[in-house]
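This briefing goes with the sequence and the structure shown below. Please keep both in view while reading the points that follow.

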Amino acid sequence: MVMTKVAIAGAAGRMGKTLIETVVDTDGVELSAAIERSGISVIGTDAGEIAGVGSLGVAITDDLNSVTDAFDVLVDFTIADATVANIEVCAQAEKRMVIGTTGLVQTQVDRLHVIGKALPIVFAPNFSVGVNATFKLLEIAAGIFGDDVDIEIAEAHHRHKVDAPSGTALRMGEVVAEQLGRDLDEVAVYGREGMTGERNRQTIGFSTIRAGDIIGEHRVMFAGLGERVEISHRAHSRANFAQGAIKSAIWVMDQEAGVFDMQDVLGLRHI
Ligand code: NAD
């Protein structure tokens, strides 16, 4: 079996550690480099020890340039500025990338797309296979039910989440709205209170729960008279994001230049 050599940037972070565990558990990939920001105590420590999977013989470095010969693909879950610097290094070294970092500003995304003209990159705000499959199921359901149903999106997350509705809930709304030829900005209703009047069928309602340690739950309801269909997704751990990212690392090895997302990796783009 051909082994894909994976480097992980942000190796000591929440996602970094989960990614290391996932690499160890996945056939066809091996950890060959681990990168963290300079000045923190984990530099020089074995990446496997940090992730709690035992020694892997890969010392965490703060210098991506020094390890570019060691890997085939960089999986980057860090912060926007670090990711953008890493893109430049990978472009020079002609190394493929899988990017999960969120919060890139438009100029950074534009730069990523320039580099993507010469380099295969997977860039996705949500690497969960289940969430990406759910987007496709929502598109199909909206196409079937059309304007005959009321559409409501409910999501629940842990008490530490600072934004609402979640980015995933908003994307679900966009998917449904696009399929129905509606503009989400015009039809979204974020919560209801008081004398709201009768429901307008064209609206797409959002409701939000924040409680405890819920990792992430999303439910989209297509409700007619006499019946309703609900499509839901529940995340049980961060493993789903890591599995999608490592799946992407294997997939990107067979791609020509371009910027791809999980819809491409899962082959959902044209079904
Ligand atoms: P975290 O803060 O736990 O980890 C980030 C790590 O990056 C830290 O260990 C930090 O030291 C490291 N880092 C910072 N600068 C660096 C540099 N210059 N070089 C190398 N490492 C550097 O955060 P997290 O929860 O692991 O999330 C990381 C990113 O991934 C966030 O942007 C988050 O929104 C995103 N994320 C994306 C998905 C997805 O599916 N796409 C899922 C979860 C999280």
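This is a predicted model: local features need pLDDT of at least 70, side-chain atom pairs count only at pLDDT 80 or more; totals for chains, interfaces and linings use all residues.

**Backbone points in the loops**

E94 sits in the loop that runs between α3 and β5 (96-99).

- The phi angle of E94 is near 55°, which is a positive value in a residue other than glycine.
- E94 has a relative accessible area of 65%, so E94 is exposed. The cut-off needed here is that exposed means over 50% relative accessible area.
- P165 has its place in another loop, between β7 (150-157) and α6 (167-179).
- The peptide bond that leads from A164 to P165 is cis, and its omega is near -10°.

**Two further loop residues**

- H236 is found in the loop between β11 (228-235) and α8.
- Is H236 buried or exposed? H236 counts as exposed, because its relative accessibility is 70%.
- Along the chain, H236 and G216 are 20 residues apart, and their C-alpha atoms are separated by 7.7 Å.
- D183 lies in the loop between α6 and α7 (184-187).
- The relative accessibility of D183 is 38%, and therefore D183 counts as partly exposed. Partly exposed covers the values between the buried limit, under 20%, and the exposed limit, over 50%.
- D183 and V109 are 74 residues apart along the chain, with 24 Å between their C-alpha atoms.

- V109 is found in helix α4, which covers residues 106-115.
- V109 counts as buried because its relative accessibility is 15%.
- How far apart in space are V109 and G130, C-alpha to C-alpha? They are 25 Å apart in space and 21 residues apart in sequence.
- Helix α8 takes in residues 239-252, 14 residues in total.
- From its first C-alpha to its last, α8 reaches 20 Å, close to the 20 Å expected at 1.5 Å a residue.
- Several residues of α8 are buried, among them N240, A242, G244 and A245. Buried residues of α8 also include I246, S248, A249, W251 and V252.

**Strand β1**

- T4 lies in strand β1, which is made of residues 4-9.
- With a relative accessibility of 8%, T4 counts as buried.
- T4 and M253 are 249 residues apart in sequence, but C-alpha to C-alpha they are 7.9 Å apart in space.

**The second largest pocket**

- Rolling a probe the size of a water molecule over the atoms shows where empty space is left.
- The volume of the second largest pocket is about 310 Å³.
- The second largest pocket is lined by 16 residues, and those closest to its centre are G10, E36, R37, T78 and A82.
- Which helix gives the largest share of the lining of the second largest pocket? Helix α3 (residues 80-93) does, with 3 residues.
- By type, the lining of the second largest pocket divides into 8 nonpolar, 5 polar and 3 charged residues.

**Around the ligand**

- There are 20 residues around the ligand, and R14, M15, E36, T102 and F127 come nearest.
- A polar backbone atom of F127 is 2.8 Å from an oxygen atom of the ligand.
- A polar backbone atom of G100 is 3.2 Å from a nitrogen atom of the ligand.
- A polar backbone atom of G13 is 3.3 Å from an oxygen atom of the ligand.

How values were computed:
Residues are numbered from 1 along each chain as its sequence is written. Side-chain values use heavy atoms; hydrogens and water are left out. Helices (H or I, at least four residues) and strands (E, at least two) are DSSP runs, numbered from the N terminus. The expected span of a helix is 1.5 Å times one less than its number of residues. Buried means under 20% relative accessible area, exposed over 50%, partly exposed in between (1.4 Å probe, protein chains only). On a 1 Å grid over the protein atoms alone, a cavity is a set of points where a 1.4 Å probe fits but cannot get out, and a pocket is an open set with protein on both sides within 12 Å along at least five of seven lines; lining residues have an atom within 4 Å of a point. Grid points are joined across faces, edges and corners, and a volume is the space filled by probe spheres set on the points. Ala, Val, Leu, Ile, Met, Phe, Trp, Tyr, Cys and Pro count as nonpolar, Asp, Glu, Lys and Arg as charged, and the others, Gly among them, as polar. A residue is near a molecule or strand if one of its heavy atoms lies within 4 Å of it. A polar contact is a pair of N or O atoms within 3.5 Å; within protein, one must be able to donate a hydrogen and the other to accept it, and residues adjacent in sequence count only if both atoms are side-chain atoms.
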